[in-house]
Amino acid sequence: MPRRIVLCASAAVATLALVAGCGAMGPSGGNPMSFFITSVNPGKGGDLGGLAGADRYCQSLAASAGAGHKTWRAYLSTAALNGQPAVNARDRIGTGPWTNAKGVVVATSVADLHSANAKVGKDTSLTEKGDVVSGFGDAVNRHDILTGSRPDGTLAVPEPGKDTTCGNWTKSEGGSAIVGHHDHKGTNPDPVANASWNSAHGTLGCSVDQLKMSGSAGLMYCFATN
């Protein structure tokens, strides 16, 4: 076979392989994941650097998993403070649908996410690495996920002098935050609180150790807005 024909054939095979590889990665050339639980806390418990810091953390973990081409937001609410309005977690995560690291659709829209139809659970709420987060009954319980929210995704408005967002995610000591049970289980006798993935109860504090005492590792939900 002439050398030119061999070279052209090789080039064609390489091109087809490249196209196939790109197709496997998704239309944007990256991981199609659009929802995950952070695999670890940044290191300061409830102090996530505010919403901006939490968003950056979601973005960095997504990038480490090959999904950095999307815009990521933390599912967190904040209270009105210092002239700034309250923020609802449900209003900052885009419109959906959202899929986990295994390609499972956990919700098709914001309304679906906050309905009984949502597929947010221990087997589907995976980390950016595709790992299951340990929960109630496991050797280490990490099922309390930071949200600061009510079941409908709006701010869990604190009582006077109380805290539901670790000081709008700037406290690493004292304070408190509303968390959800990603596995829908717990010792709280309230069946509604036990079943809520985003609004189960408040933590004993905002430090790493205080969060551990109530079954939390300071993890949070991250959603892609696009």
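The model here is a predicted one, with local features needing pLDDT of at least 70 and side-chain atom pairs counting only at pLDDT 80 or more, while totals for chains, interfaces and linings use all residues. Residues are numbered from 1 along each chain as its sequence is written, and side-chain values use heavy atoms, with hydrogens and water left out.

L146 also turns up in the largest nonpolar core, which has 23 residues. A core of this kind is a set of buried Ala, Val, Leu, Ile, Met, Phe, Trp, Tyr and Cys residues joined through side-chain atoms within 4.5 Å; buried means under 20% relative accessible area, exposed over 50%, and partly exposed in between (1.4 Å probe, protein chains only). The residues with the most contacts inside the core are F36, L48, W72, L76, L146, W169 and M220. Two or more residues each come from α2, β2, α4 (166–169) and β8 (216–224), with helices (H or I, at least four residues) and strands (E, at least two) taken as DSSP runs numbered from the N terminus. Helix α2 is the top contributor, giving six residues. A second, separate core holds 18 residues, including W98, V106, A118 and V120. In soluble globular proteins, nonpolar side chains tend to be buried together.

Charged pairs were searched for as well, and the whole structure turns out to have four salt bridges, each a side-chain nitrogen of Lys or Arg within 4 Å of a carboxyl oxygen of Asp or Glu. One of them joins D55 to R73, with the closest N and O atoms 3.8 Å apart. This pair links distant parts of the chain, since D55 is in helix α2 (residues 50–64) and R73 is in strand β2 (residues 72–74), 18 residues apart. D55 counts as buried because its relative accessibility is 10%, whereas R73, at 28%, counts as partly exposed.

D55 has another partner in R92, the closest N and O atoms being 2.8 Å apart. R92 lies in the loop between β2 and β3 (98–99), so its pairing with D55 in helix α2 ties together parts that are 37 residues apart in sequence. Both R92 and D55 are buried. Put together, D55, R73 and R92 are linked in a network of salt bridges.

Elsewhere, D138 pairs with K122 in a salt bridge whose closest N and O atoms are 2.7 Å apart. Both lie in the loop between α3 (110–113) and β5 (144–146), so the bridge ties together parts that are 16 residues apart in sequence. D138 is partly exposed at 33% relative accessibility, and K122 is partly exposed at 26%.
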